[in-house]
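Dear colleague,

I am handing over the structure we spoke about, and it is placed just below. Please look through it first, and then read on for what was found in it.

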Amino acid sequence: MKDASFLLVSSSALPEIFLKVVEAKKLLSTGQAHSAAEATRLVGISRSAFYKYKDCVYAYSDAPASHIISVHAILRDKPGVLMSLISTFYNAGANILTVNQNIPIAGAALVAVSCDVQNLDISVSQLLDRLRNIEGVDTIESISGN
């Protein structure tokens, strides 16, 4: 799909085939259908129509960023501070996707962590509070996400 552009369109304005493709993809992703053949049979479309549109049609709620947050932290340059930060994400049920740490300057380093918080055991605000209370963490700021 070279030079693809995207539109946000109400489902009521779309041909029914697009809605059925999205429905078939949902059946596959939730395990309610075990194959494309089964999913297409359940929603009443051909496999060829499914394969034609499956990589072009997505439900808006399927956006992967919906459960992803990015956190910026300033950490003191002391052993164990980054490990404590990462452990706090892990212990709360977050799935860390990326960690970027700058070289410490004047005894502090900027760290950016992106994680999936879909399976958190606590709220995002509680997670941020726990991160702020780690010894050696100077600042915590959620810059995107929930």
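Is Thr-88 buried or exposed? With a relative accessible area of 16%, Thr-88 is buried, where buried means under 20% relative accessible area, exposed means over 50%, and partly exposed covers what is in between, all for a 1.4 Å probe and protein chains only.

Before going further, please keep in mind that this is a predicted model, in which local features need pLDDT of at least 70 and side-chain atom pairs count only at pLDDT 80 or more, while totals for chains, interfaces and linings use all residues. Residues are numbered from 1 along each chain as its sequence is written, and side-chain values use heavy atoms, with hydrogens and water left out.

The place of Thr-88 is in helix H4; helices (H or I, at least four residues) and strands (E, at least two) are DSSP runs, numbered from the N terminus. If neighbours within four places in sequence are left aside, Thr-88 is in contact with Leu-127, Arg-130, Leu-131 and Ile-134, contact meaning heavy atoms within 4.5 Å.

Two packed helices are described by the angle between their axes and the distance between the axes. Helix H4, residues 81-91, packs with helix H5, residues 124-132, at an angle of about 155 degrees, and their axes are 10 Å apart. That makes H4 roughly antiparallel to H5. The axes are lines fitted to C-alpha atoms, for helices over the stretch in contact, and the angles run from 0 to 180 degrees between N-to-C directions; under 35 degrees counts as roughly parallel, over 145 as roughly antiparallel, 65 to 115 as roughly perpendicular and the rest as oblique. The crossing of H4 and H5 is right-handed, which is the term used if the near helix is turned clockwise from the far one by less than a right angle, left-handed being the term if it is turned anticlockwise. On the H4 side the contact is made by Leu-85, Thr-88 and Phe-89, and on the H5 side by Leu-127, Arg-130 and Leu-131. By class, these residues divide into 4 nonpolar, 1 polar and 1 charged, with Ala, Val, Leu, Ile, Met, Phe, Trp, Tyr, Cys and Pro counted as nonpolar, Asp, Glu, Lys and Arg as charged, and the others, Gly among them, as polar.

A second pair is formed by helix H1, residues 16-30, and H2, which pack at an angle of about 130 degrees with their axes 9 Å apart. That makes H1 oblique to H2. Their crossing is right-handed, and the contact is made by Lys-20, Glu-23, Ala-24, Leu-27 and Leu-28 of H1 together with Ala-36, Ala-39, Leu-42 and Val-43 of H2. The contact of H1 with H2 has 7 nonpolar, no polar and 2 charged residues.

Helix H2, residues 36-43, also holds Thr-40, which counts as buried at 2% relative accessibility. Beyond its neighbours within four places in sequence, Thr-40 is in contact with Ile-45, Ser-46, Arg-47 and Phe-50. Ser-46 has its place in the loop between H2 and helix H3 (47-53) and is partly exposed, with a relative accessible area of 37%. The side chain of Ser-46 reaches the backbone nitrogen of Ala-49 at 3.1 Å.

Finally, there are two residues to look up around strand E3. Cys-115 is in strand E3, residues 108-116, and counts as buried at 0% relative accessibility. Not counting residues up to four places away in sequence, Cys-115 touches several residues, including His-67, Ile-69, Phe-89 and Leu-97. Ala-106, by contrast, is exposed, with a relative accessible area of 83%, and is found in the loop between strand E2 (95-101) and E3. Its phi is near 55 degrees, a positive value in a residue other than glycine.

Conventions:
A polar contact is a pair of N or O atoms within 3.5 Å; within protein, one must be able to donate a hydrogen and the other to accept it, and residues adjacent in sequence count only if both atoms are side-chain atoms.
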